[in-house]
Every structure is written in structure tokens, then in C-alpha cells.
Amino acid sequence: MSRARGIAVMLAILTCGLVIAAVVLRPARAGPAAGGGPAAPSGQAASGQPGAGSQPGAGSTGRPAWQWKVGGPELASRGIVVHYPARGRRRLPRIPASAYVLADAGTGQVLAAKDPHGEFPPASTLKVLTAVTLIPLLKPGATVVASRRATSVQPNVVGLKRGRGYQVSSLFKALLLISANDAAVSLAEAAGSFHRAIALMNAEAHWLQAYDVVAKDPNGLPAAHQHVSAYDEALIARRALAMPAFMKYDSTLAARFHLKRRKWVTLVNQNSLLLHYRGGIGGKIGWTDRARATYIGMARRHGVTLIVTILHAKPLTEIISGERLLNWGFAMDRKVRPAGQLVPPLPGGPPGG
């Protein structure tokens with residue numbers, strides 16, 4: 001063997017050894033994002049593959065471990081959690097989203113979930129929290145004068161004019177029907193100040209035990225460290241269902257909005273569930289680049305009211321995915337063993353009084 005060839009062989013052997021050492025000594029990825037963790041017991045949880053959930057801990061996002069388990073320990077899973085019956089099982093539909101929760105609003109039972117406590121940007125679904133926080137505090141007939149802050153937000157959607165007065169009830173319709181970002185800011189400022197409204201929203205979330213919520217903006221536009229979870233949005237939606245004023249605004253199919261002198265615009269509800277889904281009674285859609293598509297849907301059939309929440313979904317699939325989960329829920333409610341529970345609000349009433 002020539003000297004050059006011998007050196008080449010030795011270099012090849014050395015390279016192989018280094019690769020093997022790197023593979024053997026490489027540390028395992030930690031935290032829930034790795035998709036690892038203990039497998040769920042057979043028959044207890046199901047995902048794309050049986051038992052593929054993981055158990056997040058405080059080290060994954062800095063949250064205390066107990067927050068991952070609000071509503072039940074199984075809701076700490078990052079995978080899909082569902083308990084099929086021994087007979088008559090109907091498989092969950094495949095949903096192109098990172099997280100969702102399907103729950104019975106009456107019983108509070110969580111029928112199925114995927115990464116229910118995972119933190120994601122809310123986009124405009126945060127407006128449901130804005131509404132349930134502010135509706136009890138603001139008189140519907142009161143007038144709010146649009147500020148520079150409200151009229152300069154982009155995209156503003158309804159097109160409020162600075163210095164002009166708008167009725168609170170009209171602003172809530174703009175907020176919930178067409179997701180008006182400028183209306184959200186005006187309503188927040190009507191609560192005393194923008195920052196007071198944000199504090200009230202976070203206090204409302206805490207009262208609902210929605211501990212995954214951090215609200216920074218009343219319209220859900222991108223903001224640093226602003227996030228929600230699918231579970232917490234279900235808690236917020238359940239609160240909305242208990243508020244007749246919210247449901248009246250939210251289920252309105254169309255409304256006239258007096259924008260300025262001699263100019264009216266028609267607000268058409270963006271939630272097609274109300275028109276095209278049997279039993280659809282309300283909800284909210286949202287989208288930003290970072291949040292992708294987000295959705296809250298509510299439907300009622302034969303005395304059963306279901307809530308579906310979807311986060312970080314493939315755009316333009318959120319409503320149809322909500323409808324597919326609702327179909328499954330109406331077929332399997334009271335047949336599946338619940339994966340968890342929507343917890344009640346804390347004692348003492350909402351923080352705004």
C-alpha cells in the first residue's frame with residue numbers, strides 16, 4: 001500500500017469515528033417541541049399515531065407545570081387526546097391546525113383536543129375576550145369619540161374618522177361582524193384608557209382561569225409575548241355564550257354603520273358558520289401572518305351547545321375544520337369519555353364589577 005493511500009484510509013477511518021461519536025454523544029432534544037415524552041396508555045389517548053402526546057413542563061416556556069393541567073392532567077398533552085367508546089367509534093377528522101379544543105358548553109366536558117394548552121398568537125379571536133370584558137362596562141347607547149390612536153391603527157377595517165362620535169353598540173357590531181381593529185381600540189379607550197382596558201382583559205382571563213392568555217392589544221394584531229391557548233379560548237367562548245348582549249351582536253348577519261355624515265356602510269358577518277352550518281350560533285375568525293388562521297365556533301342542536309376553538313391553522317380551512325369537528329362532536333357527545341373539563345370562573349364575579 002502506498003503512503004498516500006494509507007493516509008487516505010486512515011483519514012476515512014478517523015472521519016467515520018468522529019461521526020459515530022457525534023451520534024452517540026449528541027444530547028437528546030428536550031421539551032415539548034421535540035414531540036417526545038411518555039407514550040399515553042392504550043385506549044387513553046389517541047393522536048396521528050397512538051400515544052404520541054408529550055407532557056410539557058415548566059421548563060418548556062417558563063410557565064409553572066400546573067398551568068398545563070388546568071382542566072385535567074390529560075390536557076397537558078401536546079398531541080391529540082380523545083377517548084373513543086368501545087363500540088360505535090367515529091374517528092376524529094384530520095384537522096390542519098396546530099391546536100384545537102372541542103367542548104360541550106353545557107357540561108363543560110372536553111370531548112377532544114390537540115395541544116390544548118399550547119401558546120399561540122390569537123389574531124382576531126382575541127376580540128371575543130375584548131367584547132366579554134367590555135360589554136358589561138359600557139352602555140350600548142353611549143357615544144365614543146374616535147381618537148388618533150383608533151383611527152391610525154392598520155388595517156383599521158371599518159374606517160373610523162378622528163373626532164367623530166360613534167355609538168358603543170355600533171362599535172361592538174363592527175368589532176364582531178367585520179373584525180374592525182379601529183373599533184376595538186375605540187372601545188378599549190371608552191373603558192377609561194387603552195392600558196386600563198388591557199389590564200381588565202387580562203384580569204378577566206385570570207378570573208376565567210384562562211392562565212395561558214397574555215393580551216397586549218384589544219384587536220389581536222401582532223404584539224410581542226401576546227398569546228392564548230385553544231383551551232383558554234374555549235373558556236372565553238363559554239363566558240360569551242352566557243352573555244345575551246354578546247350573542248346578539250355576534251349572531252347579527254348584517255348591520256348598517258353610520259361612518260360619517262351622509263355615509264353609511266353595511267357590515268356583513270364574516271363567520272359563514274351562521275349561514276351554512278345547521279345550528280351555528282356564533283364565533284369569530286382571525287388571521288395574521290404569524291398566527292395563521294384562528295377560529296372560535298359555537299353551535300347548538302337538540303339542546304346541546306358545542307364550542308370549537310382552532311389555532312395556527314392552514315389559512316382558509318379554519319371554518320370548514322370547525323364544522324367537521326362540530327359534526328364529530330354532535331355525533332359523539334355523551335359517547336366518548338371526556339378528556340378534561342372546562343373549569344368554572346373563580347369566585348367573586350368578573351373583575352370589572
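The model is predicted: local features need pLDDT of at least 70, side-chain atom pairs count only at pLDDT 80 or more, and totals for chains, interfaces and linings use all residues. Residues are numbered from 1 along each chain as its sequence is written, and side-chain values use heavy atoms, with hydrogens and water left out.

The chain holds 11 helices and 11 strands. Helices (H or I, at least four residues) and strands (E, at least two) are DSSP runs, numbered from the N terminus. The chain has 353 residues, and 53% of them count as buried. Buried means under 20% relative accessible area, with a 1.4 Å probe and protein chains only. The accessible surface, from the Shrake-Rupley method with a 1.4 Å probe, is about 16,500 Å². Carbon and sulfur atoms contribute 57% of that surface. Contacts (heavy atoms within 4.5 Å) were also counted. Among those with a separation of 6 or more, 65% are between residues 24 or more positions apart.

Strand E10 covers residues 304-313. Nine of its 10 residues are buried, so E10 is largely enclosed by the rest of the structure. Strands pair if DSSP finds at least two bridges between them. E10 runs antiparallel to strand E2 (residues 97-104), with seven bridges joining them. Here Leu102 has Val308 in E10 as its bridge partner. E10 also runs antiparallel to strand E9 (residues 292-301), through eight bridges. Arg300 stands opposite Thr305 of E10. E9 and E10 form a hairpin, with two residues between them. In the turn, His302 has a positive phi of about 50°.

How values were computed. Buried < 20%, exposed > 50% of the residue type's maximum accessible area, 1.4 Å probe, protein only.
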